[in-house]
Every structure is written in C-alpha cells, then in structure tokens.
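Please open the structure in a viewer and keep the sequence panel at hand.

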Amino acid sequence: QGTGKSTIAKLLTICQDYLWYVNILQNNEHIKSPFILFNIDSYFTKHTFIEYKKDNIHIIYKDGEFALTDERYTDKEDMINNYAANVMSEQERMISAMGLNQDIPFEELLKKNFYLLSANTRTSLYIPSERNLAGVFSSSIASMMLAQVPVPYTLMNYIGYFEKSKNKYPEYKLPFMDITFQKKQDKEGILIKDADGENKLLPLSGCSSGIQSLLPMLMILDYCIDNKFFRSYVVEEPEQNLYPENQYAVLRYLIGKVNKVENADSHVITTHSPYILSALNNLMFAYEVGQVKPEEADAVIPNAYWIEARKIVAYSTDGGVIEPIIDKELQQIEAERIDGVSQEMNEQYERLLDLKIS
C-alpha cells in the first residue's frame, strides 16, 4: 500500500503520449501538463530521475529537464511534424468514430471534448481506481464541468468514455454475470423486477460497489477496443470490490478482450489481490500444457484466455524497491509474495490451537 504502483502506471501512460513528445521537443510550457493532469506533478524534486525506453524512443528527465530522442529521425523538425501529424490524424479518426459534431471549428471541437480527445493523444488508456464513482457522477458530468467541480482529470476522462459507451450500447449485458444495463431516453440503470414482477431500472448509484466499479469499465473497454482507439490499457486494481470468483472472471475477460487489440503494446495491471496473480499463473500454465495437449487444456481453460509466460512480467513494490516476482524456472508468479498475511494468520491459529489443547 502506498509504494508507488499507481505512480508507475501513470508514468507509463504519460510516456506513451505523442502530443507530450511534441511538447518536450519544443521545450514549451506544457511539458509538465500530463503530470498535473495525473496529479503527480508535486512528486518532482531536484533529485528526480526518469528514464523510459521503448522501441526507437528514449526519454530522460534529469537535472530538471526532459530530453527525447527517436532513432528513426535525425532532424528535430521532422520528428515534431511527424508526431503532430500522428496526433491530428488520430484525433480526426476518433472524432468521426465517436460521431462528434464536425460542423463546428476544429479548435472549438477539441476544447468542448477535452476530456475525451486529450486521452487520445496517448496510445494507452488509463482506467483509474476511483472508477466506481463513474456510475454516481456520469449523469451529472455536464453540470460538474460547468460548475468547475475539482474532479480528477483521470476520472472525468473515464466518465466521458462511459457516456460514449452508453450511447453505443443502450443495452449491455454484463459478461459472466446475469446483469443487463439499459439506457432509455432519460432513464438508465440495471434491469430488475420489482415486487410485482414488473421490469424496473435501478440506477447504478443504487447498485453494489462491485457493479459500480465493474460495469462501466467493461463497457468502456468494449467501446474503445471495438473502435481501435488505443494500443494498450492500464487498469488499476481490476479486483476492486469483487468477490474472488468474479475477480477470476474479470481477469479472464480482460485477457480475452485485450488479446484482440491490433498492434498492441504492453498492457498494465496493478493489484493487491493474490487471486489475480494466481489466476494469471493458471492462464500461463494452461498455455504451457496446451502446447502438448491442446484439446484437454482447452476443456479446462478455453484457449482464448491462455497467456504465454514469456509475455508476462510481474513486479512487487515495497519500501521504494521494485523487484521481479516471477520464478524463471517454474515460469510462475510468486503470488505468496503479496499474501504473506495468510501464512502469518495460519501460524497464529496453529499456536492458539496448541494452547487450547495443551
């Protein structure tokens, strides 16, 4: 807890932002804007050092300055123009895919849809841990923006995508749970039957915290992946507010869904849950067994969820130290590394049991 998982996840999201690359190269006043939006700008000190490498791109922050190089270019202006063209092309594609009003001037359109379009200058979508508030606030997003309510940017961006996904899927069946969300004119919610057996819509604000957290996230993932908006997804604590059985189900769904992302980059999950890590181990083991006995392994775990062990990395963060927690020989995550409390409780119980019977 509080060891920097979310900070790393946010940094990875920021470092895949092409508009930010332009700001670095131009050395303009917007260089630290992403850190302000992600609410980690106060973390900078005179000792801060950041280094990011991916493919041809290399970013360094040292002695208070950012520097970016890209092996594909020798001319700085060519880099800026290509990055800017990439951003503009993706913005235009997104505006068209979302069905936004293209009759108004482009600058006005960008300003009006800031929370949606600013996220699309990045190749990663960040899904925040406070996402269960989306179900409560989504219907009030317009008035909140007008009133300039200080809601975190990451949450407002998330709510914006939730609003678009609801328009795309006016009826949405929650995978692996017998739950249907409906949006009808000015009413929306979970479809239930009242005491008289009549259909009724229960607002998300009246649903369990698990449904409030899960349903918008899966709708947004379906919407963004179906529209090919991003190449990677950063999901904070997918297990949030979920019973262990559903934690396993949501992980399998996430794996199956992101496996369909074209030209995918690395996806990131932060977690406190040993169930999530144990589930990943099962999916990796299924892949291994499936190479020898594919039909038998598929009968246990469908191959849509299999993961090749070499494509997974896992780390623990503790006391400022980040270290890998994958056993290279077994090709399994050491899930017990974040579940030491179970062993401690078992030991305490055995000691108490010894006292009782002695």
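The model is predicted.

**Stop 1: helix H11**

Select residues 244-258, which make up helix H11. The helix has 15 residues and reaches 21 Å from its first C-alpha to its last, close to the 21 Å expected at 1.5 Å a residue. Because 12 of these 15 residues are buried, H11 is largely enclosed by the rest of the structure. Among the buried residues are Asn246, Gln247, Arg252, Tyr253 and Lys257.

Which elements surround this helix?

Next, show the side chains of Arg252 and Tyr248. The charged end of Arg252 sits over the ring of Tyr248, 5.3 Å from its centre.

**Stop 2: helix H4 and Gln91**

Move to helix H4, residues 76-98, and pick out Gln91 within it. Is Gln91 buried or exposed? Its relative accessibility is 7%, so Gln91 counts as buried; the cut-off for that class is under 20%. Leaving aside residues up to four places away in sequence, Gln91 touches Phe106, Leu110, Leu117, Asn120 and Thr121.

**Stop 3: aromatic groups**

A search of the whole structure finds 18 aromatic pairs. For one of them, select Tyr73 and Tyr83, which form an edge-to-face pair with 6.2 Å centre to centre and 80° between the planes. The two residues are 10 apart in the chain: Tyr73 is in the loop between strand E3 (65-70) and H4, and Tyr83 is in helix H4. Tyr73 counts as partly exposed because its relative accessibility is 22%, whereas Tyr83, at 1%, counts as buried.

Now select Trp20, Phe35, Phe44, Tyr61 and Phe66 together; these residues form one aromatic cluster.

Then display Lys166 and Phe162. Lys166 lies over the face of Phe162, at 4.6 Å from the ring centre.

**Stop 4**

Finally, select strand E11 (residues 315-318) and strand E12 (residues 321-324), which pair in the antiparallel sense over four bridges. What is the bridge partner of Asp318 in E12? The partner is Val321. E11 and E12 form a hairpin with two residues between them. Centre the view on Gly319 in the turn, where phi is positive, at about 60°.

Conventions: Residues are numbered from 1 along each chain as its sequence is written. This is a predicted model: local features need pLDDT of at least 70, side-chain atom pairs count only at pLDDT 80 or more; totals for chains, interfaces and linings use all residues. Side-chain values use heavy atoms; hydrogens and water are left out. The expected span of a helix is 1.5 Å times one less than its number of residues. Buried means under 20% relative accessible area, exposed over 50%, partly exposed in between (1.4 Å probe, protein chains only). Contact means heavy atoms within 4.5 Å. Rings of Phe, Tyr and Trp (its six-membered ring) pair if their centres lie within 6.5 Å; planes under 30 degrees apart count as stacked, over 60 as edge-to-face and the rest as tilted. A charge sits over a ring if NZ of Lys or CZ of Arg is within 6 Å of the ring centre and within 35 degrees of the ring normal. Two strands pair if DSSP finds at least two bridges between them.
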